[in-house]
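This briefing is meant for someone meeting the structure for the first time. Please keep the sequence and the 3D view open while reading the points below.

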Amino acid sequence: MTPLLQNHRSPVQRAPMVSFTFEGEALSAHAGETVLSALIRAVHLYLRDAPEDGAARGAFCCMGLCQECLVLVEGRRVESCRQVVHDGLAVEALKRVPHD
Amino acid sequence: MIDPCDIVILGAGPAGANASLSAARAGARVTLLDEQTQPGGQIWRAKSAAIIKAQPTPESDAGNTLRDCLANSAVTFVGDVRVWQIERTGDIWQVYTVADGQPGKIEAKALILATGAREYVQPIPGWTTPGVIGLAGATALLKHDMTPPGVATVVAGTGPLVFFTASEIRRLGGHVAAIVTPNTRRDWLSVMPAMLSRPDLVRRGLAWIANLTLARVPVLWGHAITRVEGARAVNGVVATKLDASGAPKGKKREIAADSVCLGNGLIPAVEAAQLAGADLRYHPELGGWVPGAMTDGSTKIKGLYICGDGAGIRGAAAAEIQGKLAGMVAANQLGFDLAPDFEALKSAHARAARFGLAMTALSLQKPGDQALTTPETILCRCESLSLARITAEIAKGAESINAIKSGTRAGMGACGGKFCHTAVARMMAASQGVDPADIPPPTARPPLRPVPASVFAEGFDYDDLPISKPAPL
């Protein structure tokens, strides 16, 4: 059966792979893609713990508003949906900081 | 002191980018700001640098045309910059920015806000589980990175985005486990007359649905997801048939999936307009609270113009026109000639808005929507506050979003209330039997976007701290 919409998977030509780490695990990404995109492909959807109740969270709005996909890069909190991967990038997940 | 530019524009989507082009054409010096690296907004979002070649789509073509026009214009585009505060001194607007952690300030004689929309998501049990993303968020991911949100995805929500998103996921090789939409076929029939104003879009929509049907993707009309299963990862969802009020009443179905896209329509992003002093009015048919703005974007405030979805969800075609008009009238107010096609464009706006308004109508809230949010459901994601916690605050006498905010911290977290205030307001209106028009959004406060503390401590150096001599013992 001929699909009305072509499967365009093959024509997508992506940039060469680079290496980065998430929580110390070596992963690969296409140079220039967002950290979020690379993590989704690596099936890392669980990115952080909610600060109040410690519940697992991952990316939500994917456009820099909700702050759910925050990760640590060089000690700074950045949105993984806006942070671009480059070779050697080290990404850490935000651990829960419990309140007293 | 830097000489102020004539016009500063916030947001480089269809409205803001076209405003910048028409104002620059009139002769004004224009600075166009966006938090994305490239113009296009969310609808015409540019691809990431990782995509070297891909099949063009109507959205990518429109975006590329716009980006070419801007590159060949006198407009100064500044990408990757976030505006966190707006002030005004005399006739000059001050726009405070942060880019790469560094503070900045831009001054202008006129301010055009083209801040677009954000997504409304009705909170449901499990919507905070990793793997659940916004429906509009999914389109951003698909357009920018061309990455499907998971291996097997349930695409759920109102309006046309479910069919677009499901089609795009499949086009990229992903699997769509099901489409779950609260809309019924009858809802779609009722907006068909307005949709016929854009036969090209109707054709595209029908192709999506035909293709999804041929691929045997289950489409659950008149259903909503009532639960996302799984704690640290999505295992699946429960979809429930809705009654006429939109409340889940009928047969339940379990669907296995590792990812979910969830969205209930767009709402205008009005915080910048609030900070600039615009008044808000409640217009559900425009997506909820909208700032008062004319067809040409002008407002009651001198030098302030608001255009595009940020002035009411009318869609990209209307946003382009309103943007052009706002750019023309802003430049004209500064003494530049009004373009000859101003009146013609003005009369074209209403027709261009027909299709977009019909799509907004598919996401109008229904009385039963609130039944989707159970007492244990997290309402404020940032502060992990449940509906029960918010309900308790209302029982204590909280009558406004401001009161809920100060009593519970709902909306004081990292997102600044962008994903809970509307849900709280709708729940308050429904449970108290109050007209939603009587529950306005909370007072807008800077920062509009998260800002590193160093930005506020601009120029501060620890060594400069005056240390007084120790008191004699």
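## A first look

B:His223 has B:Lys241, in strand 14 of chain B, as its bridge partner. Strands (E, at least two residues) and helices (H or I, at least four residues) are DSSP runs, numbered from the N terminus. This is a predicted model, in which local features need pLDDT of at least 70 and side-chain atom pairs count only at pLDDT 80 or more, while totals for chains, interfaces and linings use all residues. Residues are numbered from 1 along each chain as its sequence is written, and chains are lettered from A and ligands numbered from 1 in the order in which they are written.

**Confidence**

- The predictor gives the complex an ipTM of 0.93 and a pTM of 0.94.
- Chain B averages a pLDDT (the predictor's confidence in each residue, from 0 to 100) of 95, and 98% of its residues score at least 70.
- Chain A averages a pLDDT of 89, with 86% of the residues scoring at least 70.
- In chain A, confidence is highest in strand 2 (residues 17-22), at a mean of 98, and lowest in strand 7 (residues 76-79), at 94.

**Chain A**

- The secondary structure of chain A comes to one helix and eight strands, and along the sequence these follow the pattern β-β-β-α-β-β-β-β-β.
- Of the 100 residues of chain A, 37% count as buried; a residue is buried if 20 or more other C-beta atoms lie within 10 Å of its own, exposed if 12 or fewer, and partly exposed in between, with C-beta atoms placed from the backbone.
- Among contacts in chain A between residues at least 6 apart in sequence, 41% join residues at least 24 apart, where two residues are in contact if their C-beta atoms, placed from the backbone, lie within 7 Å.

**Where the chains meet**

- On the two sides of the interface, 46 residues of chain B are in contact with 40 residues of chain A.
- Several elements of chain B each supply at least two residues of the side that touches chain A, among them strand 3 (51-53), helix 3 (135-144), helix 4 (161-171) and helix 6 (199-214).
- The residues on that side of chain B divide into 23 nonpolar, 13 polar and ten charged; here Ala, Val, Leu, Ile, Met, Phe, Trp, Tyr, Cys and Pro count as nonpolar, Asp, Glu, Lys and Arg as charged, and the others, Gly among them, as polar.
- Strand 1 (residues 13-14) of chain A and strand 3 of chain B pair in the antiparallel sense over two bridges, pairing being assigned if DSSP finds at least two bridges between two strands.
- Within strand 3 of chain B, B:Ile51 stands opposite A:Arg14.

**Hairpins of chain B**

- Strand 13 (residues 223-229) and strand 14 (residues 236-242) of chain B pair in the antiparallel sense over six bridges, and in their hairpin, which has six residues between the strands, B:Gly230 takes a positive phi near 115°.
- Strand 14 of chain B is also joined by six bridges to strand 15 (residues 248-256) of chain B, and the two run antiparallel.
- B:Glu254 in strand 15 of chain B stands opposite B:Val238, while B:Gly246, in the hairpin of strands 14 and 15 of chain B with its five residues between the strands, takes a positive phi near 95°.
- Four bridges join strand 18 (residues 280-283) and strand 19 (residues 288-291) of chain B, which pair in the antiparallel sense, and B:Arg281 has B:Val290 in strand 19 of chain B as its bridge partner.

- Helix 8 (residues 316-333) of chain B has 18 residues and reaches 25 Å from its first C-alpha to its last, close to the 26 Å expected at 1.5 Å a residue; the expected span is 1.5 Å times one less than the number of residues.
- Because 16 of its 18 residues are buried, helix 8 of chain B is largely enclosed by the rest of the structure.
- The largest nonpolar core has 163 residues, of which B:Ile7, B:Ile112, B:Ile225, B:Val260 and B:Val424 touch the most other members; such a core is a set of buried Ala, Val, Leu, Ile, Met, Phe, Trp, Tyr and Cys residues joined through C-beta atoms within 7 Å.
- Helix 8 of chain B gives the most to this core, with eleven residues.
- B:Leu206 lies in helix 6 of chain B and is exposed, with 12 other C-beta atoms within 10 Å.
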